[in-house]
Amino acid sequence: MLASAATKQLVQLCRPASGVLLQRWFAQQASDSVVISRLQDKHNGIAVLGMNRPEAKNAFGKAFVQQFTDAVKIVKHDQSIRILIVRSLVPGVFCAGADLKERATMTDREVVEFVNRLRKLTTSVEKLPMPTIAAVDGAALGGGLELALGCDLRVVASNAKLGLVESRLAIIPGAGGTQRLPRIVGGPLAKELLFTGRIFDGKKAREYGIANHAPEQNDAKDAAFLRAMQLAEEILPSGPIALNLIKTAVDAGLQTSIDQGYKIEEQCYAHVVPTRDRIEGLLAFKEKRAPRFTGE
């Protein structure tokens, strides 16, 4: 699928290599290392959370985890955000996992406390009320892949390197990887990838079912972000309450029996019936026009 002219222009503005950060695209900067950009015009409702810690390849250290956590809280309570894309602003890497240099200075107790905070972070991303898309244009290893697994959808560039490599360091994934990966790919394949600490590319990620899409990387090294933007554009016309309840029904249903899942679906459907958006959808269909959903 070819990117639209508007999307290409937007991506050019968002590319770190361009050095251009226009205020109309960047409504809020959470910190130097985590940037929230709320897109406007035809992309109004899409936000991009960009990781920008180039000196450590976006590795998770104490300060970075806190800054990321603060940014997620901002996104969670912003009802204007209907879709979130998580990406890296550092060329060639999504997130290198834990900051092992910092880890080496921690006591055993500090390591446990830090990993717990990192797990809470990836879980907070997982539980955001809007659809989330991880745009992986570079390496996502260890905690970096765990962050991507916490998103609803994953777009991974064909040549990006991924892996839960913790077993090679005599540890295990601690930010949700042992639980999310088998729920995505199944137990046997998850165990194989975890036991071996295998590193694989975006094409394999698509084959395994980890990636929804695996576009060929481009010269600007932002093919995954381009495809994620296209996906966000496709989702954007949908009703925001419906999107939230679809996410709730699917996520909750996967944790229980199918019969209990039907009950969850019934409860979620009951929530959409009294909404103004549902009436607007029916009226727009009758009048043969695009609906104007407000999230009410």
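We'll take a strand, then the cores, then the pockets.

Mentor: This is a predicted model, where local features need pLDDT of at least 70, side-chain atom pairs count only at pLDDT 80 or more, and totals for chains, interfaces and linings use all residues. Residues are numbered from 1 along each chain as its sequence is written, and side-chain values use heavy atoms, with hydrogens and water left out.

Trainee: Which residues of β2 point one way, and which the other way?
Mentor: In a regular strand the side chains alternate between the two faces of the sheet. Here, Ile 46, Val 48 and Gly 50 point one way from β2, while Ala 47, Leu 49 and Met 51 point the other way. Strands are DSSP E runs of at least two residues and helices are H or I runs of at least four, numbered from the N terminus.

Trainee: Is β2 mostly covered or mostly uncovered?
Mentor: Mostly covered: six of its six residues are buried (under 20% relative accessible area; exposed is over 50%, partly exposed in between, with a 1.4 Å probe and protein chains only).

Trainee: How many bridges join β2 to β3?
Mentor: Strands pair if DSSP finds at least two bridges between them. Six bridges join β2 to β3 (residues 83-88), and the two run parallel; Val 48 stands opposite Ile 85 there. With β1 (residues 34-38), β2 has five bridges and runs antiparallel, and Ser 37 stands opposite Val 48.

Trainee: And how do I read a core?
Mentor: In soluble globular proteins, nonpolar side chains tend to be buried together. A nonpolar core is a set of buried Ala, Val, Leu, Ile, Met, Phe, Trp, Tyr and Cys residues joined through side-chain atoms within 4.5 Å. The largest one here has 66 residues, and Ile 85 is among those with the most contacts inside it. Helix α9 (residues 223-235) gives the most to this core, seven residues. A second, separate core has five residues, including Leu 245 and Cys 268.

Trainee: Which residues lie nearest the centre of the largest pocket?
Mentor: Glu 126, Cys 151, Asp 152, Asp 251 and Leu 254, out of 29 lining residues. A pocket is an open set of points on a 1 Å grid over the protein atoms alone, where a 1.4 Å probe fits, with protein on both sides within 12 Å along at least five of seven lines; lining residues have an atom within 4 Å of a point. The largest share of this lining, eight residues, comes from α10.
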